[in-house]
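Here's a quick briefing to keep beside you while you look at the model. Have the viewer open and follow along.

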Amino acid sequence: MPGLVHVTTTINGNQTDFLCEPRQSLLECLRDVVGMTGSKEGCNDGNCGACTVNMDGRIVCSCLVLGVEAQGAEVNTIEGVASAEGLHPIQQSFLENAALQCGICTPGFIVAAKALLEAEPDADEARIRHWLAGNLCRCTGYDKIVRAVLDAGERMRAG
Amino acid sequence: MRAIDYQAPTSLSEAVSIMAANGDRARPLAGGTDVLVQLRGGRREADVVVDTKKIPELNTLNLSDSGLQLGAAVPCYRIYQDSAVAAAYPGLIDAAGMIGSIQIQGRATVGGNLCNAAPSGDTIPPVITLGGEAHINGPNGWRTLPAEDFCTGPGRNALENGELLVAIQLPAPAANSGTAYLRFIPRNEMDIAVAGVSSTVQLDASGQTIQSARIALASVGPTPILATAAGDSLAGKAVSDEAIAEAGRLASEAATPITDMRGTIRQRHHLVDVLTRRTLNIAIRRARGEE
C-alpha cells in the first residue's frame, strides 16, 4: 500500500504543500485536502469541464490530473480570479448578463474564459463557442454565457 | 480508483527498468485523459503508474530535414501551436486540433492516442497516411514499427511488457504532397468519430497527376485501417472526379464497421466513401499550395 506523497505546488501564487495518495486527482486534492472547493466535480471523466483549472498556463480538467503531477506546477483556480479590489471583469459580466443559474459549471467557465480572453481579448462568438465546447451547462442554454464572455472581452480591451 | 504507486522517472533507461520490473502491472501515463478514466472506472488495472512527461526523449518536438520527431508525451496543443510544424503537417493538425476539448488538448498526446488504440483515435489515421513510424524502447533495446501495425485490436497495441512508445517519427513531407483528416460527428465538437478518414497524396510537379496516395480510416473496424487498395488505385492517375470516386468506393470496401449507438454499418460505409472523396480533394489542394 503506497503511502502519502508530499507535494509542493503553487496555487494562485501561494506556495502550497499537501499530502495525498498517488491515486487522488488534483481535483480531489484541491477540494478534499487543501479545502478549496471552488472547482467542482461534475462528470469526473473529462467531459464537463466543471473542474477546469489553469496549470502551467494551460486549462486542464483537474479530474484528469493526478495530484502528485502538480509537484512544482503553477495552478490557478477560480479562487484566484477575483482580486482584493473586487471581481474580475469576467465575473462581473457573468453577474450582469445573468450567465449562471445553478452555478455548478460557472467556476469552470470562468477559468476557461479567462485563459481565452487573456490570450485573445477580441475573440469572436465562434471562437468563444469553440473554446468553451469542453464546458457543459445544463441551465442556461449557453447564450447568456457567450454574451457574458463577449461583454467581458470588451471590458478587458477597454482596460 | 484502487491504490497505485506513482513514479516519474527522468531518464528513458530508468523508465524502462521500472516498466520491465512491473510487467503488466505498470501503465505509462502521458496526458492521462484516457488512462486515468480507465483506471478509475476499473477498465484497466495497474499497480504502478509511470509518468513519462519528465523523460527528455518523450518530450521532444523536433522538426528537421529528416521530418518530425514527435515525442510520445507531447500534448496536442504543443503540436498545433508550433507554426513550423503546423505548416509542414496540416493533416496532423486537423486531428490534433479536434480531439476532445481545449482542456483535453492541453494534456492529451498523439503517442497516448496510439497506445490507447481506440478504433476512433483521431490522430492515428493521419500518422498512418503520413508514413509515421513508432519508435519503441524496452529491455531488449530499440525497435521500430510502421504506425499502421501499432494498434492490434480495440484497446490493444503492439507493445510488450516493459516497452515504451518513445516517439513517432514522421518523414519530411514530399514535394507536392498534401494530407487532410476529416471525421463525421453529429455535433461540432466533443464527440467520438462515427467515421474518420485521412488522405495523403503526392502529385507530380505539374499538380495534375497523382504519383502515390495513402488513405486510412477510423471508427470503421477493430483498429484504424490502412486502405491500401484505395490509395494504390490513385497511383499514376490524373486528378479527376472519377479517380477520386473509385478511391472512395475502394476505401468504403476496406471498412469493416459494426452497428452501435453512434452509427450503423450502412451509414459508416457511406461516410467512408464521402470522407475519402472530401479528404482527397483537400489533400490535393494542399499539395498544390491552394490552401
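Predicted model: local features only at pLDDT ≥ 70, side-chain atom pairs only at ≥ 80, totals over all residues.

Chain A comes to 5 helices and 5 strands, while chain B has 11 helices and 14 strands. The two chains touch through 23 residues from chain A and 20 residues from chain B.

**Chain A overall**

- Going along the sequence, the pattern of chain A reads β-β-α-β-β-β-α-α-α-α.
- A compact globule of 159 residues would have a radius of gyration near 15 Å, and chain A has 16 Å, so the two agree.
- Along the principal axes, the C-alpha atoms of chain A fill a box of roughly 50 × 30 × 25 Å.
- As for burial, 47% of the 159 residues of chain A count as buried.
- Take the contacts in chain A with a separation of 6 or more: 59% of them are between residues 24 or more positions apart.

**Strand 1 of chain A and its partners**

- Strand 1 (residues 5-11) and strand 2 (residues 14-20) of chain A run antiparallel, joined by 7 bridges.
- If you want to trace that pairing, T9(A) has T16(A) as its bridge partner in strand 2 of chain A, and I11(A) has N14(A).
- The hairpin made by these two strands has 2 residues between the strands, and N12(A) takes a positive phi near 50 degrees there.
- Strand 1 of chain A also pairs with strand 5 (residues 74-76) of chain A; here the strands run parallel, with 2 bridges.
- I11(A) turns up in this pairing too, standing opposite V75(A) in strand 5 of chain A.

**Chain B overall**

- For 291 residues, a compact globule would have a radius of gyration near 19 Å; chain B has 19 Å, so it agrees with that expectation.
- The C-alpha trace of chain B spans about 55 × 45 × 35 Å along its principal axes.
- Of the 291 residues of chain B, 53% count as buried.
- Among contacts in chain B with a separation of 6 or more, 65% come from residues 24 or more positions apart.

**Where the chains meet**

- The contact between the chains uses 20 residues of chain B and 23 residues of chain A.
- On the side of chain B that touches chain A, strand 1 (5-7), helix 2 (35-41) and helix 6 (102-105) of chain B are the elements that give two or more residues.
- Helix 6 of chain B provides the largest share of that side, 3 residues.
- This side of chain B divides into 10 nonpolar, 6 polar and 4 charged residues.

**The nonpolar core**

- The largest nonpolar core has 138 residues, and the ones touching the most other members are A113(A), A195(B), L217(B), A227(B) and A251(B).
- Setting aside neighbours within four places in sequence, A251(B) is in contact with residues including V197(B), I215(B), L217(B), A227(B) and D273(B).

**Two backbone spots to check**

- Most residues other than glycine have a negative phi.
- You'll find A98(A) in the loop between helix 2 (89-96) and helix 3 (106-119) of chain A.
- A98(A) counts as exposed because it has 12 C-beta neighbours inside 10 Å, and 12 or fewer is the cut-off.
- S219(B) isn't a glycine either, yet it has a positive phi of about 70 degrees.
- S219(B) lies in the loop between strand 13 (210-218) and strand 14 (225-226) of chain B.
- With 30 other C-beta atoms within 10 Å, S219(B) is buried.

Terms used. Residues numbered from 1 in each chain as written. Chains lettered and ligands numbered in written order. Core = buried A, V, L, I, M, F, W, Y, C linked by C-beta atoms within 7 Å. Buried ≥ 20, exposed ≤ 12 C-beta atoms within 10 Å, placed from the backbone. Contact = placed C-beta atoms within 7 Å. Helix = DSSP H or I, 4+ residues; strand = E, 2+ residues; numbered from the N terminus. Rg over C-alpha atoms; globule rule 2.2 N^0.38 Å. Pairing = 2+ DSSP bridges. Nonpolar A, V, L, I, M, F, W, Y, C, P; charged D, E, K, R; others polar.
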